[in-house]
Amino acid sequence: MAAEQQLWKMSGLPLAYWASALVLLFLIWQLAKIGRALYQAKKENRIDHFWHRLGNMFVGLLLPRRLFQDRYHGFIHTLIFWGFLFLIPGTVDTLSRGFSGGNDLTLLQTSIFLWAINWWDVIAVFPVAGVLWALLRRFIRPPRRFASSSVQVYLILLLIFFLLVVELVRRGVELSLAGGAIASVNPVRLGFSWLVSAFGLGSPELSAVHSVLWWTHFLLLAGFVIYIPLSKHLHLLLCPFNLLFKDNDAGALPAIDLTDNEINKLGVSTYGDFTWKQRLDFYTCANCGRCEERCPAHISGKTLSPRKLVQNLRHGANATSLPVTKQEIWACTTCGACQAECPSMVEHLKLMVDLRRGSLDDGGLQPAGARALENIWRWGNPWGESQTRRTQWLGAKENSLRNRKGLLFWVGCTASFDPDGQEIAKAMVDILSRQEVEFFVLGPDELCCGDPARRMGEEALFQELARENIRKFEERGIDTVVTTCPHCYHMFKREYPKLGARLKVLHHTQLLGQVMADSTGEREPGESGGNPGWTMTFHDPCYLGRYNDLYEDSRKLIQNLVPGNLVEMKDSVRNAMCCGGGGGQLWVDIRDGERINNLRFHQAGEAGAEIVVTACPVCKIMLKSAKDSLNNETIMVKDIAELVLTHM
Amino acid sequence: MKMLVLMKRVMDCSRQVSIEENEVRAEGSHCPMMDNPADLSALELAIGIKQTAPGSTVTALSLGGDEATEILVNALSRGADRAIHVNSAGGGSGLEDPFLAAAVLAEVIKGHKPDLVFCGTKSFDTSSAQLGGLISQFIGLPYVSNAVKVEISADKESLHVQRKLEKGRKLILKCPLPALIAVEVSVAEPKYLSLFRQMKVNRGLVEQVPFPASMYQELQTVTEVIKVVRTKPRAKKSDFTTTALSPLKRMKLMAGQKNSEQGKLIDGDREVLAREIISYLEQKKIISGKCI
């Protein structure tokens, strides 16, 4: 033991104390700066249902599903993250011994910690493997998002690598010097010890090496701690908080009382306008790029990259105006892929809408988008058509369908005015009539549900529309609505209730499943009755799938009723790629780069589909226009209602 | 730079406007109204200049009945510093005469001593295009109309005004300040104004200025509106040759004779119209056989 004590009497220890103090002070200073920024930001309530939140936080930390969206990286991260956690006792032990000149910390002498200390070397193998795998992945078939990585990544990976390897070697040296009279032995440590002995150094030399290694480890660790608040590695400390404070109603924008005199301004146009949660998002962003990889705007060559947007907002905090361009703000389709992918729980959707709200009055809105909003204001629909033309597609049936009772079939603007959309509405009417479902339509009394207005930042217009629609529902005692448009569905189901609506809302894929349940008795799913059928693929609308978790109904409906086989496109179900029409893009229509709908249409072709089945009139318009602009003659675009009708 | 923008709330002639029984004017009380587009562009231009010249002010001025409040509130939402309403209710129908309107406005403007006055070249409803010129005479300011571009010179003493001429030709003038400039709609694109901003503006900020009733008695209009006629679609005569015409008719047309054939006006729902058009095209042998 005396030799061991001697080993720990290293020179220059006071320097270590001072260095530690400085490093910790630095960390505290940086964190305090962040804390102050959060404290000064706008308030937002994220502590409701606190125990539920705490539970979710632990689940999120233990089972990070989003990390595993990238198969390999999920494992790499687990190895490094959990490896690090289990290595903490041993590292603390090393440091305390160094500082105290060889004394053990009594706190660490309990069994769980002792185990971690004694087996430190074995545990360390895992993060080392993780780091090597991560480095390898940078060069062998790297995912797209690595293209925009910075030098930081390599710095951190190498820092971790050397931190671990240096300590492994030091422990080997320590074992060598102790000559077997040491409690903490494990196979890996023995291995390193053997490696060290192979150099044939004598005790004094080994002691010196040991000191050097301890100091190197200490300095690397100090460097790491300093680097945390300055780099993307801040997510280490902040992710648990972002998990704790996450939005439990993601996808539905919170209600704002516009009549409140305290509110003089909507949205964000300076740093002071962000809420603390938004500022926290900017700091927590790990710059990983998973959002960017899935962003349809980015993929198609627009300047918008959610990752770049958030990172610019993090680093630009001293600027007078926001480091965001109009092109970026208006290229978003609000598909939600970024937010759904982000393992750091950054909330991009609300950020984009807030940026749009703040940019509306600056003349940020493209002329076509402004016209759509003006049309909604003047005419009640973004097309600027007279409301009386809403029922033109009904023709002679108009009066009978307006006066009936029962289920309200909400047609929506797109299905009322656009010819492709009208086909969907007509199919629905036919199906419901044949299945003898009692329903009616509102006709000219339908006002735009408000989705384009709200997603383009025109909150006041949205609230006017919503209030008027809700008033009409209440006046007529409407409590159940079915709609063919996922945007309207989302509004009625998730956002109208915050303004007082009480509605049971169904999307037509849900209703058709129920309504057709009787007629599927004779046929087994997939049985074609002699008809070879078509190869079909289902394009998940963002507002049905990602926003509202409805993936299965449509697929079951197709499989039960339509002969043929269902294939999946490259990006489908949760990862479905947007058609490019949401977020007001049907009107705003930023033209840089490729067309998003063309890219999606290509995916259908690659999947070998003969029919692309959609469940949204906007998706149908977008995909049909892709078909036309690509001069495709072989693939059909059909709404699920149309398909069901032809196979009844 | 003290700027004044003359604004008018006009009848929305793109929609159905009904004419009163006596056929002397459009029915004002139920008529859909809108902000005169050229005036909104003028305001946007003024606000643009304000942003480049700190310390400038923009005042919106409107002569009209209660409907004028709407355009003034809009002006405030868009960034005007002041909005002044000269309420013409009780001023009588003579105010449709631009001469009288100009006299009234000139009185008000004189009191403000602006450096720069903007107005639209003409209004969407009455379209006389005289107001700017008349006011400039009453006040004694230089006047340029049909401006499509206005820039302040470096020395801030004069303006460079680009006028729109026929067939895309342009004229660039140098005009000393103070001046009155009548602008076209294309001089500036009014920014999108969100409903929220419109909601939040304080309507009480619109200043009411009494109508100088005495002045109305002094100046009498010499013109009188006799009749207002609404638009009617007219059948057009065709004066060019087509293969539908016989060779003789074509020769006569080319020689300068007028074509006595007149177009036919048809009415009805879409199906009727389509069938009429097809039968006409078949009759004229422009298409042959059944297409349906």
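Throughout this description, contact means that heavy atoms lie within 4.5 Å. The structure is a predicted model, in which local features need pLDDT of at least 70 and side-chain atom pairs count only at pLDDT 80 or more, while totals for chains, interfaces and linings use all residues. Residues are numbered from 1 along each chain as its sequence is written, chains are lettered from A and ligands numbered from 1 in the order in which they are written, and side-chain values use heavy atoms, with hydrogens and water left out.

In chain B, the secondary structure comprises eight helices and 11 strands; helices (H or I, at least four residues) and strands (E, at least two) are DSSP runs, numbered from the N terminus. Chain B has 292 residues, of which 39% are buried, where buried denotes under 20% relative accessible area, exposed over 50%, and partly exposed in between (1.4 Å probe, protein chains only). Among its contacts between residues at least 6 apart in sequence, 67% join residues at least 24 apart. Strand 4 (residues 57–64) of chain B contains B:Thr59, which counts as buried because its relative accessibility is 3%. Beyond its neighbours within four places in sequence, B:Thr59 is in contact with B:Met3, B:Leu4, B:Val5, B:Arg82 and B:Ile84.

Several backbone features were identified in the two chains. Most residues other than glycine have a negative phi, and most peptide bonds are trans. The bond from B:Leu177 to B:Pro178 is cis, with omega near -5°, and B:Pro178 is placed in the loop between strand 9 (170–176) and strand 10 (179–183) of chain B. A positive phi, near 55°, is found at B:Asn146, a residue of strand 7 (residues 143–152) of chain B. In chain A, phi of A:Met345 is likewise positive, near 60°. This residue, A:Met345, belongs to the loop between helix 16 (337–341) and helix 17 (348–359) of chain A and is buried, with a relative accessible area of 12%.

The largest nonpolar core contains 105 residues, among which A:Phe409 and A:Tyr496 touch the most other members. Such a core is a set of buried Ala, Val, Leu, Ile, Met, Phe, Trp, Tyr and Cys residues joined through side-chain atoms within 4.5 Å. Leaving aside neighbours within four places in sequence, the contacts of A:Tyr496 include A:Cys448, A:Phe462, A:Phe473 and A:Met491. Elsewhere in chain A, helix 9 (residues 203–230) holds A:Val209, which is partly exposed at 31% relative accessibility. With neighbours within four places in sequence set aside, A:Val209 is in contact with A:Val173 and A:Leu201. The C-alpha atoms of A:Val209 and A:Arg137 are 33 Å apart in space, and the two residues are 72 apart in sequence.

The interface brings 24 residues of chain A into contact with 13 residues of chain B. Together the chains bury about 1500 Å², 57% of it on carbon and sulfur atoms; buried area is the accessible area (1.4 Å probe) that two parts lose on being put together, summed over both. One salt bridge is found across this interface, the term denoting a side-chain nitrogen of Lys or Arg within 4 Å of a carboxyl oxygen of Asp or Glu. A:Arg378 forms a salt bridge with B:Asp12, with the closest N and O atoms 2.7 Å apart.
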